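Colleague: I am new to this structure. Please show it to me, and then I will ask what the terms rest on.

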Amino acid sequence: MALSMAMAVDATSCTSNRWSMASLRTALPSSSSSSTSAAATIRLPSSRCQCLQQCISLSRSRRQQQPVLTRSFTAINPLSSLGFSDNTTFGHAFPAVDNGSRFFAMRHGRRVPKLNRPPDQRRALLRGLTTQLLKHGRIKTTRARASAMRKYVDKMITLAKEGSLHKRRQALGFIYEKQIVHALFAEVPDRYGERNGGYTRIIRTLPRRGDNAPMAYIELV
Amino acid sequence: MAASVDPLVVGRVIGDVVDMFVPAINMSVYYGSKHVSNGCDIKPSMAVNPPKVTISGHSDELYTLVMTDPDAPSPSEPSMREWVHWIVSDIPGGTNPTRGKDILSYVGPRPPVGIHRYILVLFQQQMPLGNMLEPPQNRANFNTRLFAAHLNLGLPVATVYFNAQKEPANKRR
């Protein structure tokens with residue numbers, strides 16, 4: 001008897017929690033979050049320790065978050081309206097505490113990889129990495145940097161696909177070496193003409209010896 | 001798309017150089033004391049001499065080993081894909097390539113730009129090739145698939161690949 005009553009109490013408390021979240025979600029505009037592909041569920045353990053579970057890194061690339069709550073906040077975010085977000089050219093960037101100095105234990109809604117650097121250094125790092133990737137075709141860096149640079153490499157290739165003078169100048173403003181921009185604009189239409197997006201591939205490898213940092217190869221597809 | 005976990009698919013070896021196959025033979029490759037596993041890093045200075053390759057299989061079967069680099073001269077512009085480094089044929093099963101016939105002598109990896117993949121492919125021969133096989137005139141623009149089709153070798157029975165990049169001129173501290 002007491003057990004059933006306790007369970008009933010639990011049930012009501014659970015349903016009350018669920019009811020509040022559900023009502024909140026229905027109140028806000030629903031977004032179609034990109035579902036992770038079935039590849040995320042393929043997780044075959046293997047004895048080899050490198051080049052595994054590529055599917056995981058690919059599926060994590062589409063960040064399926066709950067953009068619902070944060071999207072409703074972007075319009076009224078005081079920090080972004082003051083111009084604190086750095087690279088306005090490349091999409092919005094949220095500062096770490098946009099929720100009134102409340103720290104969360106989870107990563108909900110955080111879309112910008114900070115890479116442990118201030119914004120100017122971060123931008124310089126990403127510019128340098130994309131320049132080197134476009135120059136060498138395949139580079140080896142840490143996994144966090146590799147997954148952070150995908151966006152910028154894809155952006156550069158998209159600029160090259162459009163091919164106009166304005167896009168060329170925009171690319172020259174990002175990539176450090178002129179020859180690479182001109183070579184890129186020359187060869188991208190043949191190479192990536194049919195491909196829509198996803199111009200890079202990340203392959204995870206063994207960790208670095210000095211600090212056990214997880215490493216990855218990133219290459220142009 | 002790389003939805004599978006196989007390192008050869010992930011590293012695009014299957015697709016760029018060979019087609020999907022079922023590995024039938026165990027092949028272990030050693031450069032000095034370092035065992036080569038798929039995607040590991042080998043320094044060009046360590047790979048100057050041909051590796052020690054041991055293959056399993058019956059001793060009355062003959063095998064052909066081909067080593068190519070599909071990323072020549074640079075992975076972002078592989079205009080010389082593939083560049084063949086080594087061809088050995090008539091290797092009896094269960095031994096190593098020293099017992100076979102060297103069609104094309106070994107040239108170590110020398111990647112000028114970027115990180116290159118070096119792929120060792122093992123085919124099973126239907127009959128002894130011996131004198132039928134003449135080495136290709138050019139090492140560049142080699143095609144492993146055409147080579148296998150030309151000699152009726154079929155799909156490979158074993159493949160392994162490793163990465164190599166140019167070492168910096170100064171010794172890294």
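Colleague: What makes strand 1 of chain B and strand 4 of chain B a pair?

Modeller: Two strands pair if DSSP finds at least two bridges between them. Strand 1 (residues 27-31) of chain B and strand 4 of chain B are joined over four bridges, in the antiparallel sense, so they count as a pair. Within this pairing, B:Ser28 stands opposite B:Thr54 in strand 4 of chain B. A strand here is a DSSP run of E with at least two residues, a helix is a run of H or I with at least four, and both are numbered from the N terminus.

Please note that the model is predicted: local features need pLDDT of at least 70, side-chain atom pairs count only at pLDDT 80 or more, and totals for chains, interfaces and linings use all residues. Residues are numbered from 1 along each chain as its sequence is written, chains are lettered from A and ligands numbered from 1 in the order in which they are written, and side-chain values use heavy atoms, with hydrogens and water left out.

Colleague: Why do strand 1 and strand 2 of chain A stand at the edges?

Modeller: The open sheet in chain A has three strands in the order 1-3-2, paired antiparallel. Strand 1 (138-142) and strand 2 (200-204) of chain A each have a single partner strand, so one side of each has no neighbour in the sheet. From one strand to the next, the twist averages 25°. Strand 2 and strand 3 (residues 215-220) of chain A run antiparallel and are joined by five bridges, with A:Ile202 partnered by A:Ile218.

Colleague: Why are helix 6 and helix 8 of chain A called roughly perpendicular?

Modeller: Helix 6 (residues 143-162) and helix 8 (residues 178-192) of chain A pack at about 90°, with their axes 8 Å apart. Axes are lines fitted to C-alpha atoms, for helices over the stretch in contact, and angles run from 0 to 180 degrees between N-to-C directions. Angles under 35 degrees count as roughly parallel, over 145 as roughly antiparallel, 65 to 115 as roughly perpendicular and the rest as oblique. The two helices are therefore roughly perpendicular.

Colleague: Which residues of helix 6 of chain A meet helix 8 of chain A?

Modeller: Contact means heavy atoms within 4.5 Å. A:Met156, A:Ile157, A:Leu159, A:Ala160 and A:Lys161 in helix 6 meet residues of helix 8 of chain A, including A:Phe185 and A:Tyr192. The contact divides into eight nonpolar, no polar and one charged residue. Ala, Val, Leu, Ile, Met, Phe, Trp, Tyr, Cys and Pro count as nonpolar, Asp, Glu, Lys and Arg as charged, and the others, Gly among them, as polar.

Colleague: Where is the cis peptide bond that ends at B:Pro73?

Modeller: The bond runs from B:Ala72 to B:Pro73, with omega near -10°. B:Pro73 lies in the loop between strand 5 (62-69) and strand 6 (83-92) of chain B. Strand 6 of chain B also holds B:Asp90, whose phi is near 60°, a positive value in a residue other than glycine.
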